[in-house]
Amino acid sequence: MTVYKSISWIAAFCWMAVIFYLSHQPGSASSDLSSGIVATLLNFIDQVAPSLEFDVESFHTFVRKNAHFIAYLLLSLLSLNAWRSSGLRGLKQLVLGFGMCVLFAVTDEIHQLFIEGRSGETRDVLIDSAGAALGAVIYLALDKIWCLKGRKDRKKQIKTEF
């Protein structure tokens, strides 16, 4: 196993551990964490646009659901990279990477059913899956850009050798 392959898988599993840790917090602790983040964001918004007014509870929900989305976007990037480091490319890489994220989202919501003050929600699995899907699109776009850049660099190298 190469060092890069090991690091890629460790990064993906560490991120899964972070998600698990956050999901394992009781509802009150999770709410306190997100309330602190919301308070910081509201303070920043008040500094930038003091006349802006909006529903704080709706903003709190927006922040919580976007945390799901972003967490799984990152997990998708990490899992697709890990599968690629293992030699998979194309559709197989995409199916396994995205599938890993969706499966983890489902099991994470089931896990939350057993945590005080938490609930497992289908809506959260859909939000997580949407984040993973966008992560896959971003990964594929970046991969395409890197491949095109690599071809251009090789063409330049060949021209300079002759």
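**The largest pocket and its surroundings**

Analyst: In this predicted model, the lining of the largest pocket consists of 28 residues, and those nearest its centre are Ser 30, Arg 64, Ala 67, His 68 and Arg 118.

User: What volume does the largest pocket have?

Analyst: The volume of the largest pocket is about 710 Å³.

User: Which helix gives the most to its lining?

Analyst: Helix α3 gives the most, with ten residues in the lining of the largest pocket. At least two lining residues come from each of α1 (3-24), α2 (27-48), α3 (56-85), α4 (90-112) and α5 (122-161).

User: And how do the lining residues divide into nonpolar, polar and charged?

Analyst: Twelve residues of the lining are nonpolar, nine are polar and seven are charged.

User: Let us turn to the whole protein. How many helices and strands are there?

Analyst: The protein has five helices and zero strands. Read from the N terminus, the order of elements is α-α-α-α-α.

User: Is that fold spread out or compact?

Analyst: The protein is more spread out than a compact globule, because its radius of gyration is 20 Å, well over the 15 Å that the globule rule gives for 162 residues. The C-alpha trace spans about 65 × 40 × 25 Å along the principal axes.

User: What share of the residues is buried?

Analyst: Of the 162 residues in the protein, 33% are buried. The accessible surface comes to about 10,400 Å², and carbon and sulfur atoms account for 70% of that surface.

User: What about contacts between residues 24 or more positions apart?

Analyst: Such pairs make up 73% of the contacts in the protein that have a separation of 6 or more.

User: Now a single residue. Where is Ser 129, and is it buried or exposed?

Analyst: Ser 129 lies in helix α5. Its relative accessible area is 14%, under the 20% cut-off, so Ser 129 counts as buried.

User: Which residues does Ser 129 touch?

Analyst: Leaving aside residues up to four places away in sequence, Ser 129 touches Phe 98 and Val 102.

User: One more: which helix holds Phe 13, and how accessible is that residue?

Analyst: Phe 13 belongs to helix α1. Its relative accessibility is 47%, which lies between the 20% and 50% cut-offs, so Phe 13 is classed as partly exposed.

User: How far apart are Phe 13 and Phe 69?

Analyst: In sequence, Phe 13 and Phe 69 are 56 residues apart; in space they are 18 Å apart, C-alpha to C-alpha.

Methods. Residues numbered from 1 in each chain as written. Predicted model: local features only at pLDDT ≥ 70, side-chain atom pairs only at ≥ 80, totals over all residues. Heavy atoms only, no water. 1 Å grid on protein atoms, 1.4 Å probe; cavity = no way out; pocket = protein on both sides within 12 Å on 5 of 7 lines; lining within 4 Å. Points joined across faces, edges and corners; volume = space filled by probe spheres on them. Helix = DSSP H or I, 4+ residues; strand = E, 2+ residues; numbered from the N terminus. Nonpolar A, V, L, I, M, F, W, Y, C, P; charged D, E, K, R; others polar. Rg over C-alpha atoms; globule rule 2.2 N^0.38 Å. Buried < 20%, exposed > 50% of the residue type's maximum accessible area, 1.4 Å probe, protein only. Contact = heavy atoms within 4.5 Å. Areas by Shrake-Rupley, 256 points an atom, 1.4 Å probe, with all protein chains shown as cover.
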